Each structure stands twice: as C-alpha cells, then as structure tokens.
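Grab a pencil and work through these exercises one at a time. Try each task yourself before you read its solution.

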Amino acid sequence: MNKKHQQVMLKRNEAIAKDIYIMDLAVQSAQQSVDMYMPGQFLNMYVEEKHTILPRPFSISAINKDSNEISLLYGVVGKGTTWLSKQENGKMLTILSPIGNGFSVEPHDSVALVGGELGVAPLRFLLDRYKELYPHTKVYVYLGFKDAPYDLVSFEKADELFVAVENADTENYFHGHVIGVLESHYKDIDMYYGCGSKGMLHALQTYVQHQEKPLELSLDPRMACGIGTCMGCVVSIKDEFDTIVYKKACADGPVFNGRDVYFE
Amino acid sequence: MEGMCTLNRLKTNFLDIEMINPVTTASGTFGYGREFSEFFPLSSLGAVTVKGVSPVEWVGNKPIRIAETYGGMLNAIGLQNPGVDYFIAHDLPFLEQEKATVFVNVCGNTVDEYAEVTEKLQNTSVAALELNISCPNVAQGGLAFGTCTKSVENVVSAVKKKAKQPLIVKLSPNVTDIKEIAKAAETAGADAISLINTLVGMKIDIQTRKPVLYNKMGGLSGPAIMPVAVRMVYQVYEAVSLPILGMGGISTHEDALEFIMAGATVIAVGTSNFTNPYTTQEIISHLQAYCEDNSIENISSLIGVAHL
C-alpha cells in the first residue's frame with residue numbers, strides 16, 4: 001500500500017503510565033482505508049513543535065477497521081513527543097502512513113512475540129492480526145520492562161503472556177530479563193518475532209539461532225526523512241553473499257530476517 | 001477567463017537551460033528522485049540535483065549518522081552512494097522517464113576521480129554537473145578540496161576539460177573567505193557557483209557523555225544556517241559574474257526570495273524536504289502568487305535587487 005501524506009484527527013491521547021501514552025487517530029475514509037495496514041509498519045508524525053525539523057516515527061500498534069482508526073503507543077522522550085503528549089482530542093495532525101514492510105504472518109502452529117519496553121507497540125498489532133487470520137495459531141507473548149509494565153491489557157488475546165520486570169521483584173511478574181524467561185519457560189515455537197532494544201534483539205537472535213527456528217526483528221535506529229532518501233537510518237544486514245551491507249531501516253525494513261541482522 | 005493560460009512568472013534560464021521555475025533540490029536530501037516522485041511529478045521542479053555520485057560505490061559512515069538540533073539537523077552520512085555506473089544504468093533512466101531536469105552532484109577523493117565521474121556522465125541526458133568540493137563528511141575529497149584556492153583551481157580545471165555540460169561548483173561555508181574561493185572557481189572555468197553546503201557542527205549526548213554522531217562532527221543544515229547562507233550568496237554575487245544557485249535552510253517562499261534578492265538565480269530546498277515533503281511545491285505556488293500580487297512579470301527581475 002502506498003504511503004499517504006494526510007491529516008488525521010486526534011481521538012484519544014491518554015497516559016497509561018508515567019510518560020507512556022496511547023494515541024488514537026482517525027483516518028479520513030476518503031483518504032485511505034486502514035484495512036491494508038500490516039503489523040510492523042510505522043508512520044511519520046510531523047510534529048508542530050517550534051524549531052523541530054524531523055518527523056517522529058512511531059510503530060502502528062493497532063488498527064480499527066470499523067472506525068478507520070490507527071493506534072500508537074509512544075513514550076515522552078524529547079521535544080517532539082512532549083509536544084505530542086499535550087495535544088487534545090479534535091486536533092488535526094499530519095502523518096505519512098503506512099511506511100515500511102510488515103512482519104510475515106503465516107499459519108504456524110505456534111509463534112512467540114518478544115518485546116522490550118516500547119518495542120511492545122507493533123507486537124500488539126501482530127497479535128491482533130494472528131488472532132484475526134489464524135485463530136488456531138498459538139501466540140505466546142513475552143514482554144520485558146525495566147521498572148514497571150504497561151499496556152498489558154492489549155495482550156489479553158495471547159494464548160500465554162509472560163511479563164518480566166528487571167528492577168522490581170513482585171509476585172505478579174517474573175523478575176529479570178525477558179530473554180531469561182524465554183529460556184526458562186521453553187515452548188516448541190515455529191517462528192519468533194522481536195522488537196525492542198539492540199541488546200534484547202541480539203540476545204533473542206542468539207537464543208533463536210540455538211533453536212534453529214526462523215526469526216523476524218523490527219529495527220528502530222534513529223531516523224531523519226523516514227522515506228528512504230537521506231541514508232540516515234542504515235542498519236547492518238548480511239546480504240545474499242553473507243557480506244555485511246547497509247540497508248535503510250525505513251525503506252528496506254523496519255522488519256528484517258533475524259538471521260541477517262548484524263549486531264556489532 | 002476560460003481558455004486563458006496563466007503566465008508562468010517563474011520561467012528561468014540558468015546556464016542556457018530553460019527551467020520551468022528556479023526551485024531545485026539540494027543534493028543529498030532527495031536521493032535519486034524515486035521516493036519523492038510518489039508525492040509529486042519531478043517535472044514540476046526547475047531541476048533535481050541528485051545525491052552525490054562517486055566513481056565506485058561508497059559505503060558511507062558508520063551510524064549514528066544524524067541528529068536533530070535547534071532549527072536544524074546534523075548529518076554525517078558520508079556520501080553513501082551506489083557509484084556512477086549504477087546511477088547511469090538504474091537511476092538516470094527513471095529520471096528521464098519522469099522528465100526531470102537532472103543535475104548530478106559529482107564526488108571523488110582525488111582530482112582523477114572527479115574527472116572519471118565527469119567523463120562517464122558525458123553523452124547522457126544530464127543537464128549540468130555540480131562539483132562537490134564541500135562535503136565535510138568524507139576524509140578525503142569533499143571539503144578537503146574546497147578550502148584552498150589552489151586545489152579548487154586544480155579540480156575545477158580538470159573537470160572542465162572533460163565536461164560538455166555546464167559546471168556548477170558547490171562551495172563550503174567552512175572557509176575564511178568565500179569570495180576568494182568563488183573567484184578561484186570562476187578563474188578555473190566554473191559556469192556557476194552553488195552555495196552553501198553544510199556548516200560543521202557537533203551534538204553531545206549528555207547521558208552517554210559522548211558526541212551523538214559516530215563521526216563526532218557532521219554537517220549542519222536547516223533554517224538555523226540560513227542567515228549565513230544569505231550573507232555568503234550576497235558576498236559571492238559581488239565577487240564573481242557567474243550565476244548563483246543559492247541554498248541553506250530554505251523552507252518558505254519568503255526564504256527563497258531572500259536568496260534571489262541576495263543574488264541567486266536559482267535556489268535549492270534541502271532539509272525542509274524532510275519537514276514537509278511538499279515544501280518545493282508550496283514554494284513554487286507561493287512564488288508564482290507573489291509575482292502576480294506584485295505585478296512582477298518574471299522572478300528573474302528580482303535577482304540581486306538587495307545590492308541596488
């Protein structure tokens with residue numbers, strides 16, 4: 001589907017945890033139908049904060065076909081997201097959407113979705129899509145957080161949800177790193193998906209390599225133009241000759257075959 | 001009145017190239033045109049200056065390559081490009097199909113490399129060459145050539161020998177005296193001067209306590225550099241008789257007018273393409289409206305008026 005530069009209406013902008021927000025945007029049906037969006041894709045948000053230059057990229061966290069809406073899960077980390085968090089319902093925002101490729105969704109027996117912090121955002125969409133297309137596929141979700149989990153309600157459809165918190169020891173969640181939980185709660189999984197910090201993705205890649213199973217990773221380096229022009233967001237990927245080359249995360253990704261991602 | 005064509009008040013003649021308007025794209029911000037062709041026809045632009053092209057594929061710098069700054073951004077891309085042969089085989093046909101007027105930004109590490117790229121671009125549809133002797137992000141070539149008059153003369157005259165197309169020389173602002181450099185380029189045979197390339201800047205991440213860019217320093221572009229660029233266009237207009245392609249932080253038609261009044265015949269939009277992919281289109285229509293509102297028959301009558 002071609003990306004469209006368009007105005008969307010803000011329908012919801014709510015903090016669900018400290019500095020973590022869910023935003024719902026209504027796409028005009030005459031402009032675009034969100035039916036064709038794929039989990040893994042992202043959008044550019046052109047914030048109006050004075051003196052900012054670049055669009056802010058956000059993974060698409062959910063779509064609603066009935067209302068033709070997109071949901072985003074974002075953190076307040078700088079000028080652009082601070083501005084965004086203050087916008088009120090009814091505000092028209094400018095986006096470019098959808099951008100990039102999506103995760104492969106196939107009728108496996110079982111899949112594992114592994115996310116860390118805001119990396120959980122596109123995995124919610126992936127879970128929804130699996131439940132919609134392949135209700136018989138068992139979807140196991142593993143989420144990791146540093147201090148406190150958030151947005152767990154979006155993963156209620158998971159066949160099993162494992163939540164790991166690194167810095168807090170509570171009865172409700174595993175204490176430690178999400179990859180540790182993956183290792184200690186072995187399941188026979190056909191396909192793995194990951195989104196989160198470089199460290200988490202690297203550990204996931206190593207783990208999955210031992211399992212000899214397929215893996216897709218969503219990479220999120222710093223971006224500038226978001227459309228494949230500036231060469232700012234390159235990531236190291238092994239090509240068909242096993243040579244490490246630079247690929248653009250925005251245009252060639254953001255989803256890549258996990259085996260091909262090279263972590264320095 | 002029905003059936004009456006609106007006079008195109010933006011028609012521009014630059015280096016004997018008839019351009020539909022004086023709005024072009026700054027090299028490095030527009031790739032080879034494919035991405036933006038999804039938003040508007042490339043033929044709507046006066047010209048497309050494509051990303052720099054080198055003799056062979058250049059890989060570019062290690063990430064992190066970009067950082068936003070106040071009113072601008074830093075880049076240390078490092079001129080990653082697939083090389084001139086790939087450009088001619090894959091990108092130029094696309095641009096021809098799109099009926100774009102193409103300026104190619106020429107890169108090299110040595111005088112011979114600049115000459116080699118120039119030679120390969122002969123007998124193609126490329127309308128003009130823009131000599132990149134001002135990129136701060138490559139260890140050799142680029143800025144290394146553009147900071148002293150002797151090396152400017154060497155590279156410009158070597159390229160001029162091989163080029164049938166007009167030669168635009170792109171200057172860096174990171175010099176002591178831009179007028180001197182411009183004069184050296186003119187003496188050596190340049191047909192036009194384009195300026196400015198990026199300023200050199202740095203951003204430090206106070207969490208990691210290190211520069212954000214892997215290359216530590218990078219080129220600063222965007223609205224923050226515009227006053228420096230306007231000043232330099234003004235100075236170069238007085239120093240040489242060559243036509244000028246002005247750029248540096250242009251995001252509105254008012255910005256474009258500043259450059260034209262300072263002495264630019266043609267302008268380029270760069271970083272603002274990222275802020276709003278339609279920036280060039282908006283500038284074109286607003287410039288046309290400005291000329292209509294002010295009874296200006298052609299925009300070229302405003303070139304250099306700030307010097308009067």
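**Exercise 1. Describe the surface of chain A.**

Start with the total: chain A has an accessible surface of about 11,500 Å².

A quick note on the ground rules. This is a predicted model, where local features need pLDDT of at least 70, side-chain atom pairs count only at pLDDT 80 or more, and totals for chains, interfaces and linings use all residues. Residues are numbered from 1 along each chain as its sequence is written, chains are lettered from A and ligands numbered from 1 in the order in which they are written, and side-chain values use heavy atoms, with hydrogens and water left out.

**Exercise 2. Find out what share of chain A is buried.**

First, the cut-offs: buried means under 20% relative accessible area, exposed means over 50%, and partly exposed is in between (1.4 Å probe, protein chains only). Now apply them: 57% of the 264 residues of chain A count as buried.

**Exercise 3. Describe how chains A and B meet.**

Step one is to look at contacts (heavy atoms within 4.5 Å): 26 residues of chain A touch 33 residues of chain B in this sense. Step two is area. The size of an interface is often given as the accessible area lost when the parts come together. Here, that buried area (1.4 Å probe, summed over both parts) is about 2,500 Å², with 61% of it on carbon and sulfur atoms. Step three is to pick out residues: on the chain B side, Ile66(B), Glu68(B) and Phe274(B) lose the most area to chain A, together 25% of what that side buries.

**Exercise 4. Locate a cis peptide bond in chain A.**

Look between Ser97(A) and Pro98(A): the bond joining them is cis, with omega about -10°. Then place Pro98(A), which is in strand E6 (residues 92-99).

Conventions. Accessible areas come from the Shrake-Rupley method with a 1.4 Å probe; for residues, only the protein chains shown count as cover. Buried area is the accessible area (1.4 Å probe) that two parts lose on being put together, summed over both. Helices (H or I, at least four residues) and strands (E, at least two) are DSSP runs, numbered from the N terminus.
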